[in-house]
Amino acid sequence: MTRTNSNRSSRIVLATLVVLLAATVPAAAVSVSGEDVPEEAQVGTQVSATITLDELYQNPQSEQWQLSGTTELTDVSWTIVFYDQTGSQVNLVEPTGQSFSGIDIAASSGTAEVEVRITGTVPEIDSYSYDPAQQFTMMEITRGQSGGASSTIDTWQTHHYTERSDSARQAIEEAGTAIEDARAAGANPSDAQANYEDAVAAYNDGSFDVAINLANRAADQANQAQQSSQTQQLIIYAVGGLIVLGLVVGGVFYWRSQQGPDDPLS
């Protein structure tokens, strides 16, 4: 009985190690060696992004696999360029639409590096979020085997905005800075904080004019709170100085009052 339990425990430990090791081995070790992706873009404008892939046939080792991609851009054009180990172009593919799949990446073709370029129009915003800022998928690139499993190599997100949402965001950011400055000066800008939070809520609702007005009010209140705090500190310093001066003068008069009469022969 002891030996049976021991064998069972050994099998459990071994199975656990296998699972842990499998979890630590990446499903796809394709490396992103370069990327040029905008962090933010205005709705309706045309943008471009480029990423470069290398270490194409590592972990799991495979001499051939398939590249897929998708985007939330509209009016999309893709350009996929294949390079060999010398940096010379060996192939070029130009898929159409918001997604593509089944692009063969094969060592037999001499491909050592792949560059994926995308150009398209920034999509409309379905819902707004101040923090974290609303984003859309600029590009998602996937590696897969024919008829088998696939894994995401990487996903690139970009903050998108309208002219009004950007103005509201800037106003809220300025209000936030003013509140932080007021607190650093020793003030308690509670009214400003309340308006700031209402401005963020208005932004999330897409009410940008309301958000801007509330943010501007919060900034003014924070600045006033900071000035008031600084004025109070100056008054305290001034009163403290007067008290010290009074003590010094009083001490001098007291000292002189304690001295004897002047010596007429001195």
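Guide: Helices (H or I, at least four residues) and strands (E, at least two) are DSSP runs, numbered from the N terminus. This is a predicted model, in which local features need pLDDT of at least 70 and side-chain atom pairs count only at pLDDT 80 or more, whereas totals for chains, interfaces and linings use all residues. Residues are numbered from 1 along each chain as its sequence is written, and side-chain values use heavy atoms, with hydrogens and water left out.

Visitor: How many helices and how many strands are in the chain?
Guide: Read along the sequence, the elements follow the pattern α-β-β-β-β-β-β-β-β-β-β-α-α-α. The chain therefore holds, by the DSSP runs just defined, four helices and ten strands.

Visitor: How many bridges join β5 to β8?
Guide: Strand β5 covers residues 74-83 and is joined to β6 by four bridges, the two strands running antiparallel. At Tyr83, the residue opposite in β8 is Glu113, while the bridge partner in β6 is Gln89. The pairing of β5 with β8 is also antiparallel, and the number of bridges is eight.

Visitor: How many of the ten residues of β5 are buried?
Guide: Buried means under 20% relative accessible area, exposed means over 50%, and partly exposed lies in between (1.4 Å probe, protein chains only). Over the 266 residues of the chain, buried residues make up 34%. Strand β5 is mostly covered, the number of buried residues being seven.

Visitor: Is Thr71 buried or exposed?
Guide: Thr71 lies in the loop between β4 (64-70) and β5. Contact means heavy atoms within 4.5 Å, and, leaving aside residues up to four places away in sequence, Thr71 touches Val76, Trp78, Gln98, Ile118, Thr137, Met138 and Met139. Its relative accessibility is 6%, so Thr71 counts as buried.

Visitor: How far from a polar atom of the Thr71 side chain is the backbone oxygen of Met138?
Guide: A polar contact is a pair of N or O atoms within 3.5 Å; within protein, one must be able to donate a hydrogen and the other to accept it, and residues adjacent in sequence count only if both atoms are side-chain atoms. The Thr71 side chain reaches the backbone oxygen of Thr137 at 3.5 Å. For the backbone oxygen of Met138, the distance is 2.7 Å.

Visitor: What is the distance between the end C-alpha atoms of helix α3?
Guide: The expected span of a helix is 1.5 Å times one less than its number of residues. Helix α3 (residues 190-204) has 15 residues and should therefore span 21 Å, and the distance between its end C-alpha atoms agrees, at 21 Å.

Visitor: Which residue just after α3 takes a positive phi?
Guide: Within α3, the buried residues include Ala192, Tyr196, Ala199 and Tyr203. Just after the helix, a positive phi of about 85° is found at Gly206.

Visitor: Which arrangement do the rings of Tyr130 and Tyr203 adopt?
Guide: Rings of Phe, Tyr and Trp (its six-membered ring) pair if their centres lie within 6.5 Å, with planes under 30 degrees apart counted as stacked, over 60 as edge-to-face and the rest as tilted. A search of the whole structure finds five aromatic pairs. For Tyr130 and Tyr203 the centres are 5.7 Å apart and the planes stand at 80°, so the pair is edge-to-face.

Visitor: How many residues apart in sequence are the parts that this pair ties together?
Guide: Tyr130 is buried, with a relative accessible area of 12%, and Tyr203 is buried, with a value of 0%. Tyr130 lies in the loop between β8 (113-121) and β9 (135-144), and Tyr203 lies in helix α3, so the separation in sequence of the parts tied together is 73 residues.

Methods:
Two strands pair if DSSP finds at least two bridges between them.
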